[in-house]
Amino acid sequence: MDKSVTIKILIPSGALGLGYDRDALMRGIEHKPDLIAIDGGSTDSGPHYLGTGTSKYSRSSIKSEWRQLMQARAIANVPLVIGTAGTCGADDAVDWLLDITKEIVKETDQDVTVAILKSGQPADRVISAFDDGRITPLQPLIDIDHAVLQNCTNIVALAGAEQIQAALNTGAEIIIAGRATDTATIAALPLLRGCHAGGAWHGAKIGECGALATTNPSSGTIMITFDADGFTVEPMGQNARATPYTVSAHMLYENSNPLKLYEPGGHLDVTGASYTALDERRVRVTGSKWFPSDIYTVKLEGARCGGYQCVSLALIREARYVQNIQNWTYAVEEKCRKKAEEQVGEDFTLELRIIGLNATLGAQDLNSQIGSEVGVLGIITAPSELVAKEVAKMLNPYLLHMPLTDDEEMPTFAFPFSPNEMNRGEIYEFCLNHVMELDDPMQAFSLTIEQVRA
Amino acid sequence: MTKLAEITQKIRSKNAGPFWITIDIFCSDDAEFKRALIAADSEHVAHALGISMADLKRYDMPDLRVVKFSFPRPIIQGTRFDRDMHGASFANLLAELDVTAKAKRASASVFFVKQRTPFQKSCVTCDLANH
């Protein structure tokens, strides 16, 4: 190993679309990074994005931030890598960001070479791996079969460092990668140049959320410098500081296991890591260990249709109804369900959540208190949009007018909208929590190069 | 009645992938951490979260003065009955945990907290690939 090797990776923010401090980014460019890496998404906001292959953030905010990063890249003259493009990293989302890139190239009159790494998995490939015993479930166990795999609207495999390295080796200026682990885009180059493997993965994990591992998360930009023994964290925001506490505590963040991180090809163990303050703003980390695995696996994510949904909201302010809201809600639910079962069959679910009582935590909330008003949110999910709407329309008169007792005047409650039913369309559900074994890291990924000219 | 939030610095929760929730209990000093170790009794915590003890992974981390719990989501993220996409509100179940009895026991017992050691794990079997 070359003891003098150092690789600087500049991470503008935790995700493209989140925004960052432009001065911090430009300061990062002045520090001469070897690569700029940014995350384009995750499963964080739920299954809709993978289900539909679309982005969570607005196209114009993505375009504006991506343009700035492309300009910063041109100044630094180093590769710019985005992983999990378009929130979910499905092939359509990669194409979406590629289209945006082409528009920017035309508008800024600057040619670029783009490597496109796709992570989308045809169902047939996964089904054949499943039949060959090359798909292994993770905890918690989720049952799958051919039908589950066939019904996924998108399946992606998470690329690791190897696939990003293959893209880097093409010499492309910009790499647009589909679904990848949060750390792969950052760890790839340090690993390729022979930096400390434990340090490369650990530093990538610390850097993947940008300045979240510092005292000033909203400043966004962070530089991680990798070398033969470990890595150094330096925030680029003027008021941001990295301390041994902010850096070590970042392993807790949205990690179910704060000590180990599983990646394609092995796992990171930070049990023996030591964190030292170099000065008031920089932290040095050594002692993290990487354990290569015997078998090369990539994690799979898949989403399928979970039905069609329609929701309706009533606002209740009358004190007597607020005081008796639980009973009233049970009665509305029971009446509506009975009527709907008679008219459309039993293949739907109807749920009423009481906003202002326990809509957040449900029955698990033992400390709920009622205020002066409540919202009653009706949620109907059915196998078709038509049935969901039909049941929501049956719910409408109950939500609007149902009395607490038979011998009282018909009440009317507040509806905020007309129509009061809000069609949520198709909903999705994650249905894979598995890894797939590969003989070669590129086996399940495709890499193409495009010269994008103004 | 004393709540866990009253004897600790901060309690936060977050989804960790579509199938897991993780809760971090931060303490401001070693004395607070000592109390939290006892007050956040695993059985008590599992009960408050409505999950089985077998599903609860616990990490006691003296260097960070953090007690961390991870568990499979009772309802998978984004499915029709899910109420909280990012798992942000689970922290409240622990923040409002009544720790009166537990906290008294903690202050009466002699408890040794190691200084400057690597993260201590108490019951770690939770291996999540490639999160």
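Predicted model: local features only at pLDDT ≥ 70, side-chain atom pairs only at ≥ 80, totals over all residues.
Chain B contains 4 helices and 4 strands, arranged along the sequence in the pattern β-β-α-α-β-β-α-α. Of its 131 residues, 44% count as buried. Among contacts in chain B that link residues at least 6 apart in sequence, 71% connect residues at least 24 apart.

The contact between the two chains draws 43 residues from chain A and 42 residues from chain B. On the side of chain B that touches chain A, at least two residues each are supplied by strands E1 (10-15), E2 (20-26), E3 (57-61) and E4 (66-72), and by helix H3 (90-95). The largest share of this side, 4 residues, is provided by E4(B). By class, the side of chain B that touches chain A comprises 18 nonpolar, 13 polar and 11 charged residues.

Within chain A, helix H12 (residues 325-344) packs against helix H13 (residues 385-401) at an angle of about 140°, the axes lying 10 Å apart. Since angles over 145 degrees would count as roughly antiparallel, H12(A) and H13(A) are therefore classed as oblique to each other. The crossing of H12(A) and H13(A) is right-handed. H12(A) contributes A:Val332, A:Lys335, A:Cys336, A:Lys339, A:Ala340 and A:Val344 to the contact, while H13(A) contributes A:Val387, A:Glu390, A:Val391, A:Met394, A:Leu395, A:Tyr398 and A:Leu399. The contact of H12(A) with H13(A) has 10 nonpolar and 3 charged residues, with no polar residues.

Note on methods. Residues numbered from 1 in each chain as written. Chains lettered and ligands numbered in written order. Contact = placed C-beta atoms within 7 Å. Nonpolar A, V, L, I, M, F, W, Y, C, P; charged D, E, K, R; others polar. Axes fitted to C-alpha atoms, helices over the stretch in contact; angles between N-to-C directions. Parallel < 35°, antiparallel > 145°, perpendicular 65-115°, else oblique. Left-handed = near helix turned anticlockwise from the far one by under 90°. Buried ≥ 20, exposed ≤ 12 C-beta atoms within 10 Å, placed from the backbone.
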